[in-house]
Amino acid sequence: MPAGDASGREPAPADEPRAGYQASLATVLREWGRIGCVGFGGPPAHIALLRKLCVDREHWLSATEFEDAVSACNLLPGPASTQLAIFCAWRVRGRLGALAGGAAFIVPGLILILTLSVLFLAGAPPLWVKGIGAGAGAAVAAVAVQAGWNLLLPSWTRAKQAGSPRRVRWALYLLAGGAAAAAIGPWLVLVLLGCGLTELAIRHSHRAGSRGEPGTRTAPRITPLPLVMLPGAAVRAAGTAIAAGGLAALAWTALKVGALSFGGGFVIIPLMRADAVGHHWMTSSQFLNAVALGQITPGPVVQTVAAVGYAAAGLGGGLLAALIAFSPSFVFVLGGARYFSSLRGNSHAQAFLDGSGPAAIGAILGSAIPLTATLTQPWQYAVLAAAILLLLALRRGVVLTLLAAGATGLIISLAGGPLPH
């Protein structure tokens, strides 16, 4: 093989496409950093910005390849839009580009949320800061309801088209996720995994029966992605082993968020809340503030875990939590990106998602229950009702709604109104 091509560039390694080197490292840092700075609005905004850059403007990826990547990232646990950003950077600049682009996408929002955490999660913040936090925190449950509702109808439509048995299972998975989020938040991951594996087993059993081989079990052929389904007993044992608190407990919380949370976004709330409040890293009101900070800052919502880490162990804890939470995304993409196109049509992966997906939606909706129960002042319930109206009826944006709720809390605090203790 020649040492280089006519342009003087080294040829791409055999396991990476030559097309993986379409942009300079400086370009990746600049463009992915720009998206990390202006990417307000969560995954839909991030996907739109990445598509505009990589497909529409620069033509680094075809529309089909981009859609395959979106579908594959939605099948993986953890923050899907972050994984998509890492994949697109890998596609245009290889492994080094994936590391640089992923970091550039994450770091701006991480710096901002840690800065705001210093202000909002301090032991004795100023009165006006308490007011903003109480107002924005009151609207968080409405954001959860909107996030779940936006996912609910498309998921139900797909289940309805698949027939009556699938619809019944879909409803059961949805209820299981909602109940788990409301009652056993720390172990929600077991329910998500259980629902996915249950649907996978049912589909496999049906396929075996349709082939007329009721007594035969053929091991399913699954695309070799670096995704390890931990047995429930192992997950439970790991959690029990580090339940004493400290950095090990913080690491476990971050790992659940980054490596074991199917559905991303608001699924992380019940995973984090019981740990954050139960370990006394923060009060329930402070946790609401942390979730609000994750919504109003650019970049992935999963950065909320950095605020939890800050409350647990200062800036070092925030950085540690972010590092652990985002590391699995880099591992999944760098290890499995070449299989993304085939994953979209993988029946076993789709079956798992058909089980874990409704459970994740139920978990998002169910998380609104403990979030609402955290509110203590009558005016906060009024703010919550107004937020539901803005988000669901008037279809206003999440950032605008949270800023309006925070402004309401500020006015009430300056007027001498009651604030949460």
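Student: Which residues of helix 7 meet which residues of helix 15?
Tutor: In this predicted model, Arg166, Trp170, Tyr173, Leu174, Gly177, Gly178, Ala181 and Ala182 of helix 7 meet Asp354, Gly355, Pro358, Ala359, Ile361, Gly362, Ala363 and Gly366 of helix 15. Contact means heavy atoms within 4.5 Å. Helices are DSSP runs (H or I, at least four residues), numbered from the N terminus. By class, this contact has nine nonpolar, five polar and two charged residues. Ala, Val, Leu, Ile, Met, Phe, Trp, Tyr, Cys and Pro count as nonpolar, Asp, Glu, Lys and Arg as charged, and the others, Gly among them, as polar.

Tutor: Residues are numbered from 1 along each chain as its sequence is written. In this predicted model, local features need pLDDT of at least 70 and side-chain atom pairs pLDDT 80 or more, while totals for chains, interfaces and linings use all residues, and side-chain values use heavy atoms, leaving out hydrogens and water.

Student: Why are helix 7 and helix 15 called oblique?
Tutor: Their axes, which come within 6 Å, cross at roughly 40 degrees. Axes are lines fitted to C-alpha atoms over the stretch in contact, with angles from 0 to 180 degrees between N-to-C directions. Under 35 degrees is roughly parallel, over 145 roughly antiparallel, 65 to 115 roughly perpendicular, and the rest oblique. So helix 7 and helix 15 are oblique to each other.

Student: What makes helix 17 and helix 18 roughly antiparallel?
Tutor: The axes of helix 17 (residues 378–393) and helix 18 (residues 398–414) cross at roughly 155 degrees. That's over 145, so the pair counts as roughly antiparallel. Trp379 and Leu391 of helix 17 are among the residues making the contact, along with Val398 of helix 18.

Student: How do you know whether Gln146 is buried or exposed?
Tutor: Gln146 sits in helix 6 and has 13% relative accessibility. Buried means under 20% relative accessible area, exposed over 50%, partly exposed in between (1.4 Å probe, protein chains only). So Gln146 counts as buried. Not counting residues up to four places away in sequence, Gln146 touches Leu391, Leu392, Arg396 and Val398.

Student: And why is Trp60 called buried?
Tutor: With a relative accessible area of 9%, Trp60 falls under the 20% limit, so it is buried. Trp60 lies in the loop between helix 2 and helix 3. Leaving aside neighbours within four places in sequence, its contacts include Thr27 and Trp32. Thr27 and Trp32 are among the buried residues of helix 1.

Technical notes. Helices (H or I, at least four residues) and strands (E, at least two) are DSSP runs, numbered from the N terminus.
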